Amino acid sequence: MSQCYRLSPIGRRDNLLMIIVAMILWVFAVWSIASTLRLRLHPAVFWFDLQQVFTQPPAIEQAVPALLMLVLIVATPLLLWNLIAEWDATFRLTNEGLEYQTLGFRLCYHWHNILAIQPQPVAADEAVVIVCRYDPVDTLKNPLHRWLHRQMHGRQRLLIGPGIERRAELLQAIEQAMVTSQSSATTATTGIPLG
């Protein structure tokens with residue numbers, strides 16, 4: 001049952017383009033906040049200039065654009081993480097469950113843990129959410145990995161983006177395994193086979 005599903009070549013191209021745009025946006029935000037607040041980016045004088053900003057707060061016409069650029073400076077690395085994680089993501093069907101691997105860590109979403117696939121019906125151009133009973137992210141030792149994974153997917157969820165190759169086949173296999181797991185759990189609980 002071990003089949004791999006990854007981002008399609010078109011999805012990889014689109015992701016690469018978005019990564020490049022996000023990096024350009026981040027550089028622009030750094031340059032813009034520095035010029036707005038008159039900060040020199042040289043390490044020897046940057047901290048001195050930053051202290052000057054705190055001792056003499058900027059005027060409102062400087063503070064508002066600087067605050068917007070600060071939001072971009074903080075948010076863009078998170079966007080880059082999400083894009084790179086999606087680029088590297090591999091979904092693998094195993095006998096135990098749906099295995100998700102990206103950026104050096106691996107999680108297994110066991111079949112008995114998967115509750116639903118949302119939305120139903122699935123549109124071709126939107127992300128699909130795999131809803132789970134419990135969060136396998138708790139098994140990750142690195143707290144930063146746990147936090148980054150949750151900010152991308154959410155709690156007790158796994159997103160499967162629209163750019164994954166053979167996604168309809170993957171979702172159908174997940175749904176079949178989920179139904180099989182639920183019916184075998186019901187049989188084990190009640191002792192009465194379904195159907």
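This is a predicted model: local features need pLDDT of at least 70, side-chain atom pairs count only at pLDDT 80 or more; totals for chains, interfaces and linings use all residues.
**Exercise 1.** Find out how many bridges join E1 to E2, and in which direction the two strands run.

*Solution.* Start with the residue ranges: E1 covers 3–6, and E2 covers residues 90–93. Next, look at the pairs. Finally, count: four bridges join E1 to E2, and the two run antiparallel.

**Exercise 2.** Work out how E2 is linked to E3.

*Solution.* Follow the chain first: a hairpin of three connecting residues leads from E2 to E3. Then check the pairing, where four bridges hold E2 and E3 together in an antiparallel arrangement. For one example, find arginine 92, which stands opposite glutamate 99 in E3.

**Exercise 3.** Give the order of the strands in the sheet, and explain why E1 and E4 stand at the edges.

*Solution.* Now count neighbours. Strand E1 (3–6) and strand E4 (105–110) each have a single partner strand, so one side of each has no neighbour in the sheet. As you step from one strand to the next, the twist averages 20°.

**Exercise 4.** Identify which strands helix H4 touches.

*Solution.* Locate H4 at residues 143–153. This helix packs on the sheet and touches E3 (97–102) and E4. To finish, compare directions: those of H4 and E4 make an angle of about 55°.

How values were computed: Residues are numbered from 1 along each chain as its sequence is written. Side-chain values use heavy atoms; hydrogens and water are left out. Two strands pair if DSSP finds at least two bridges between them. Axes are lines fitted to C-alpha atoms, for helices over the stretch in contact, and angles run from 0 to 180 degrees between N-to-C directions. Contact means heavy atoms within 4.5 Å.
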